[in-house]
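Visitor: I have just started looking at protein models. Could you show me how to read one?

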Amino acid sequence: MNIEWTDTFLTGIKKVDEEHRVIFKLMDNAYRVATNDGASEADIMMEFTNLLTMVSKHIDTEERIMVELNYPDTETHKRQHAHFMSVLHNAVAHTIAGKSADDKLILFMRNWVACHVMISDKELGLFLSL
Ligand SMILES: [Fe+2]
Ligand SMILES: [Fe+2]
């Protein structure tokens, strides 16, 4: 299975769209390593760390934009981000504890990100375009 970014995810905010593209790529990398029996724990750890770092950077980008613009749904959107970060942190903690990365968890992440981008991030893009 491929975890691919497509134009349907465009929000119209250039920096946000660029970062989403990278996040999809990193989720795909994490999925590949988690479903590859030959991957070492270090490989899995590296992919999860890269994903976590990028998602964290991206959340900062979006939340800065929302605060700067006095975006009315900032608090709801921030709560969604916080929930996702806690899932990601759990995934990394499991990996550190020596358990193998769970491909189902990555598929959950992929679906969560896709839904979040399609609804909440696109709403932010629409607000910015008004
Ligand atoms: Fe986003
Ligand atoms: Fe978001």
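Guide: Let's go through a helix, its partner and a loop residue in this predicted model.

Visitor: How many residues does helix α1 have, and what distance does it reach from its first C-alpha to its last?

Guide: Helix α1 covers residues 14-34, which is 21 residues, and it reaches 30 Å, close to the 30 Å expected at 1.5 Å a residue.

Visitor: Which residues of α1 are buried?

Guide: Among them are Val16, His20, Ile23, Phe24 and Leu26. What covers the buried residues of α1 includes α2 and α4.

Visitor: How do the axes of α1 and α4 cross?

Guide: They come within 9 Å and cross at roughly 165 degrees. An angle over 145 degrees counts as roughly antiparallel, so α1 is roughly antiparallel to α4. The crossing of α1 past α4 is left-handed.

Visitor: Which residues meet there?

Guide: On the α1 side they include Ile23, Met27 and Tyr31, and on the α4 side they include Ile106, Arg110 and Val113. The residues of this contact between α1 and α4 divide into ten nonpolar, one polar and three charged.

Visitor: Now the loop. What should I know about phi?

Guide: Most residues other than glycine have a negative phi. Here, Asn70 has a phi near 55 degrees, a positive value in a residue other than glycine.

Visitor: Where does Asn70 lie, and is Asn70 buried or exposed?

Guide: Asn70 lies in the loop between α2 (41-68) and α3 (74-96). Asn70 has 7 within 10 Å, so Asn70 is exposed.

How values were computed
Residues numbered from 1 in each chain as written. Chains lettered and ligands numbered in written order. Predicted model: local features only at pLDDT ≥ 70, side-chain atom pairs only at ≥ 80, totals over all residues. Helix = DSSP H or I, 4+ residues; strand = E, 2+ residues; numbered from the N terminus. Buried ≥ 20, exposed ≤ 12 C-beta atoms within 10 Å, placed from the backbone. Expected span 1.5 Å × (residues − 1). Contact = placed C-beta atoms within 7 Å. Axes fitted to C-alpha atoms, helices over the stretch in contact; angles between N-to-C directions. Parallel < 35°, antiparallel > 145°, perpendicular 65-115°, else oblique. Left-handed = near helix turned anticlockwise from the far one by under 90°. Nonpolar A, V, L, I, M, F, W, Y, C, P; charged D, E, K, R; others polar.
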